[in-house]
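Please keep the sequence and the model open while reading.

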Amino acid sequence: MDLRRYRAGDLPALSRLFGETVRRVNIRDYTPAQAEAWAAGEADLLTRDDWFRRLYTLVAEIDGQIAGYGNVDATGYLDHLFVRWDCQGRGVATALCDALEEHCRDLGLAAVTVHASKTALPFFLHRDYRVEREQQVPVRGQVLANYAMHKELRR
């Protein structure tokens, strides 16, 4: 697996990966209507090249194919962490999260925060993130539960 910085040409693949992951993976923890409302954000991502560039966005590749991506802002907020549905369980999220947390350490940040989906909650708990609160987030006429979490970074 290789990790690299985001490039503008990645945008269509990342948008598709986002939508497919929500529809095929997150559907286990959300209703079909909730998952579809969330996955509809796929179209919005196609217009967010500047957002991907502004954040520290990493792309994971396996055998030259995009397997996942993640990003974090300068405050340590981990915004996206998505792994292609057919690459789940291969260490992609772990590699991305390790690199994003290391970037936060390099910035001198003391903690990382994330709003984790129900699906991602076990992953982040295993990585020593702590739940601050459960949240109910409105998304295109649906309400989705997620968890505000944080992790203290050790040097």
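## Cysteines

In this predicted model, the sulfur of Cys97 lies 9.1 Å from the closest cysteine sulfur, which belongs to Cys104, and that is too far for a bond. Cys97 is also buried, with a relative accessible area of 0%. For Cys87 the closest cysteine sulfur is the one in Cys97, at 17 Å, again too far for a bond, and Cys87 is buried as well, at a relative accessible area of 1%.

How many disulfides does a search of the whole structure find? The search returns zero, and because a disulfide needs two cysteine sulfur atoms within 2.5 Å, the 9.1 Å between the sulfurs of Cys97 and Cys104 rules that pair out.

## Nonpolar cores

The largest nonpolar core contains 26 residues, and those with the most contacts inside it are Leu78, Leu81, Val92, Val114, Phe124, Tyr129 and Met149. Strand 2 (56–62), strand 3 (65–72), strand 4, helix 5, strand 5, helix 6 and strand 7 each supply at least two residues of this core, with helix 5 giving the most, six residues. Apart from this core lies another, of 21 residues, among them Tyr30, Leu45, Tyr69 and Phe82.

## Helix 2 and its cover

In helix 2, which spans residues 32–39, the buried residues are Gln34, Ala35, Ala37, Trp38 and Ala39. What covers these buried residues includes helix 1, helix 3, strand 4, strand 5, strand 6 and strand 7.

## The largest pocket

The largest pocket holds about 940 Å³ of space. Its lining is made up of 42 residues, of which Asn26, Trp38, Leu81, Phe82 and Ser117 lie nearest the centre of the pocket; Trp38 is one of the buried residues of helix 2, and Phe82 is one of the residues of the 21-residue core.

Helix 1 (11–24), helix 3 (41–45), strand 4 (77–83), helix 5 (92–106), strand 5 (111–117), helix 6 (121–126), strand 6 (130–139) and strand 7 (142–152) each supply at least two residues of the lining. The largest share, seven residues, comes from strand 4. Sorted by class, the lining has 24 nonpolar, 12 polar and six charged residues.

## Arg105

Where does Arg105 lie? Arg105 lies in helix 5, and with 19% relative accessibility this residue counts as buried, because the limit for that class is under 20%. The C-alpha atoms of Arg105 and Leu144 are separated by 31 Å, the two residues being 39 residues apart along the chain.

## Two positive phi values

Most residues other than glycine have a negative phi. Asp63, a residue other than glycine, has a positive phi, near 50°; Asp63 lies in the loop between strand 2 and strand 3 and counts as exposed at 76% relative accessibility.

Asp128 likewise has a positive phi, near 70°, and is found in the loop between helix 6 and strand 6. Asp128 is partly exposed, with a relative accessible area of 37%.

Terms used: Residues are numbered from 1 along each chain as its sequence is written. This is a predicted model: local features need pLDDT of at least 70, side-chain atom pairs count only at pLDDT 80 or more; totals for chains, interfaces and linings use all residues. Side-chain values use heavy atoms; hydrogens and water are left out. On a 1 Å grid over the protein atoms alone, a cavity is a set of points where a 1.4 Å probe fits but cannot get out, and a pocket is an open set with protein on both sides within 12 Å along at least five of seven lines; lining residues have an atom within 4 Å of a point. Grid points are joined across faces, edges and corners, and a volume is the space filled by probe spheres set on the points. Helices (H or I, at least four residues) and strands (E, at least two) are DSSP runs, numbered from the N terminus. Ala, Val, Leu, Ile, Met, Phe, Trp, Tyr, Cys and Pro count as nonpolar, Asp, Glu, Lys and Arg as charged, and the others, Gly among them, as polar. Buried means under 20% relative accessible area, exposed over 50%, partly exposed in between (1.4 Å probe, protein chains only). A nonpolar core is a set of buried Ala, Val, Leu, Ile, Met, Phe, Trp, Tyr and Cys residues joined through side-chain atoms within 4.5 Å. Contact means heavy atoms within 4.5 Å.
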